[in-house]
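Please look over the structure below. A short report on its layout, core, pocket and selected residues follows.

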Amino acid sequence: MRTSESLLFNNNEELIIDIETMELEEQIRRLLVFTRLSCNMTQKQLSEKSGIRQSNISRIECGNCTPTLETLKELASAMDKRIKIEFI
């Protein structure tokens with residue numbers, strides 16, 4: 001559950017940052033890059049194996065878009081990995 005403390009608003013009360021979402025997206029981005037590199041794969045190789053365009057992989061890794069769970073599953077599978085989600 002999100003609290004008002006996790007949301008940041010500008011002077012016009014427009015939402016500018018959701019801290020909880022940002023942190024999770026950053027974790028996903030870093031884990032994707034780390035896992036791809038630990039598999040000794042380039043973005044192009046991951047693209048060819050997963051069927052996801054290299055430009056989309058780049059956008060995900062740069063934080064310019066948020067992948068769907070299905071996309072993450074496809075990327076993980078292409079790296080011979082599984083996704084594990086935990087509530088802590």
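## The segment after α4

D80 lies in the segment after α4. This model is predicted. D80 has a positive phi of about 60 degrees, although D80 is not a glycine. Most residues other than glycine have a negative phi. D80 is at 64% relative accessibility, so it counts as exposed, because exposed means over 50%.

## N40, another positive phi

N40 is not a glycine either, and its phi is positive, at about 55 degrees. N40 sits in the loop between α1 and α2. Is N40 buried or exposed? Its relative accessibility is 68%, so N40 counts as exposed.

## Overall layout

The protein has four helices and two strands. From the N terminus on, the order is β-β-α-α-α-α. The protein has 88 residues, and buried residues make up 25% of them.

How much of the contact set links residues 24 or more positions apart? Among contacts with a separation of 6 or more, the share is 36%.

## The largest nonpolar core

In soluble globular proteins, nonpolar side chains tend to be buried together. Here, the largest nonpolar core holds nine residues in all. They are L32, M41, L46, I52, I57, I60, L75, A78 and M79. Helices α3 (54–62) and α4 (69–78) each supply at least two residues of this core.

A78 is one of the core residues. Leaving out residues up to four places away in sequence, A78 touches M41, L46, K49 and S50. M41 and L46 also belong to the core.

I60 is another core residue, and it is found in helix α3. At 5% relative accessibility, I60 counts as buried; the cut-off for buried is under 20%. Which residues does I60 touch, not counting residues up to four places away in sequence? They are R29, L32, C65, P67, T71 and L75. L32 and L75 are members of the core too.

C65 is in the loop between α3 and α4. Its relative accessibility is 22%, so C65 counts as partly exposed. Leaving aside neighbours within four places in sequence, C65 is in contact with N56, R59 and I60.

E25 gives a reference point for both residues. I60 and E25 are 35 residues apart in sequence, yet their C-alpha atoms are 9.4 Å apart in space. C65 and E25 are 40 residues apart in sequence, with a C-alpha to C-alpha distance of 9.3 Å.

Q43 lies in helix α2 (residues 43–50). At 17% relative accessibility, Q43 counts as buried. What joins the side chains of Q43 and E61? A polar contact of 2.6 Å joins them. Not counting residues up to four places away in sequence, Q43 touches R36, Q54, I57, S58 and E61. I57 is part of the largest nonpolar core.

T35 is in helix α1 (residues 19–38). T35 is buried, with a relative accessible area of 14%. Not counting residues up to four places away in sequence, T35 touches M79 and K81. M79 is a core residue.

## The largest pocket

Rolling a probe the size of a water molecule over the atoms shows where empty space is left. How much space lies in the largest pocket? The value is about 1,100 Å³. The largest pocket is lined by 30 residues, and the closest to its centre are L24, Q27, I28, L31 and L72. The elements that give two or more residues to this lining are α1 and α4.

Which element gives the most to the lining of the largest pocket? Helix α1 does, with 12 residues. By residue class, the lining divides into 17 nonpolar, four polar and nine charged.

## Recap

I60, at 5% relative accessibility, counts as buried. N40, at 68%, counts as exposed, and so does D80, at 64%.

Methods:
Residues numbered from 1 in each chain as written. Predicted model: local features only at pLDDT ≥ 70, side-chain atom pairs only at ≥ 80, totals over all residues. Heavy atoms only, no water. Buried < 20%, exposed > 50% of the residue type's maximum accessible area, 1.4 Å probe, protein only. Contact = heavy atoms within 4.5 Å. Core = buried A, V, L, I, M, F, W, Y, C linked by side-chain atoms within 4.5 Å. Polar contact = N/O pair within 3.5 Å; in protein donor to acceptor, adjacent residues only side chain to side chain. 1 Å grid on protein atoms, 1.4 Å probe; cavity = no way out; pocket = protein on both sides within 12 Å on 5 of 7 lines; lining within 4 Å. Points joined across faces, edges and corners; volume = space filled by probe spheres on them. Nonpolar A, V, L, I, M, F, W, Y, C, P; charged D, E, K, R; others polar.
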